[in-house]
Amino acid sequence: MIDLRSDTLTRPTEAMRQAMARAEVGDDVYGEDPTVRRLEERVADLFGHEAALFTPTGSMANVLAVRSLVRPGQEVLCEAGAHIARAELGAHGAFTGLTMRTWIHPRGQLDLPAIRRLFAPDMGPFFVATAAISIENTHNFAGGAVQPLAELRDLREFATGVGTGVHLDGARIWNAHVATGVSLRDYGAVADVLAVCLSKGLGAPVGSLMVGGADAVAEARVHRKRMGGGMRQVGILAAAGLHALDHHVERLADDHAHARLLAEAVGVDPATVETNIVVWERADAAAVVAAAADAGVRIATVGPTTLRLVTHLDVTRDDAERAAAVLAGL
Ligand SMILES: *Cc1c(COP(=O)(O)O)cnc(C)c1O
């Protein structure tokens, strides 16, 4: 089986398992796991922020990050297809007590004119107050689309001018970095807080980080424990993340090439495939999933007529070519 359902499906490589087995550990709730500390310091530095916090999932990193900007009863603005709005099962409403209003963009891009129209930090006692703007880079459900740096900087300037916070869901920021050559530090500079994942294309089995200012991260550390996310000798997992940062970032370019190859095979314009995700519209989506599975290729639906193909560490060039041949015939 060639599995293109998600880049979360990767299994740790032998070398990663070795790194995990050798990890120096301590009790991280006591702040005594040296490997976790090393990962947190390294990731904070990569993005040019003061601090970072290791979390079991990207969803928890997002909840903690957004929560650092938005109080209960306030709102965050985001794109309608954002992971925080669609795929975290209402966590931000359920745990933080915030509301969301959305703009719609077919490529999941930030739309500053739309944001300006929605933005309402202080409309008196009858309207919810906007406290933050959230963007996603790359945008998952828009097919791994990259947010242009110039627009991110315009948003930063707007947000600073009006005194509101910016959250960046960077689950796949590594893919944006490799696809564009924009530094992680330049991406980090546009946001007050970020969430980044090690368990997607980077191939770690578990782990994400919230990244931001020292105070925000210290408060998030308390809230992480409250949510049941205080983990103990978790350096064993942080070691996988450190290994991924050393060995699995630059190779994301291969995943991007494989995704373009798949796009071409199924008739999606490869120019619209900037990173490792292909969104393929088919009226008969469910039937295509079944036929592909019969032919040894697993793909997923992300809407009634929308299929998603995701390339990753465990999909070789040969796999991508074989999958392309299967899917082209469906
Ligand atoms: C996967 C993902 C997350 C976090 O997902 P978890 O499964 O909770 O780790 C957040 N944002 C985006 C855009 C994602 O694709």
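Let's start at the ligand, where a backbone N or O atom of G58 lies 2.8 Å from one of the ligand's oxygen atoms. A polar side-chain atom of R172 also lies 2.8 Å from a ligand oxygen, and an N or O atom in the side chain of H83 is 3.4 Å from a ligand nitrogen. This is a predicted model, in which local features need pLDDT of at least 70, side-chain atom pairs count only at pLDDT 80 or more, and totals for chains, interfaces and linings use all residues. Residues are numbered from 1 along each chain as its sequence is written, and side-chain values use heavy atoms, with hydrogens and water left out.

Now look at the surroundings of the ligand, which include T57, S59, N62 and K200. Helix 3 (residues 58–67) gives the largest share of this shell, 3 residues.

Next come the aromatic rings: the structure holds 2 aromatic pairs (ring centres within 6.5 Å, using the six-membered ring of Trp; planes under 30 degrees apart are stacked, over 60 edge-to-face, the rest tilted). F47 and W174 make an edge-to-face pair, 5.6 Å centre to centre with 65° between the planes. F47 lies in the loop between helix 2 (34–46) and strand 2 (51–55) and W174 in helix 8 (residues 173–180), so the pair ties together parts 127 residues apart in sequence.

Note on methods:
Near = heavy atom within 4 Å. Polar contact = N/O pair within 3.5 Å; in protein donor to acceptor, adjacent residues only side chain to side chain. Helix = DSSP H or I, 4+ residues; strand = E, 2+ residues; numbered from the N terminus.
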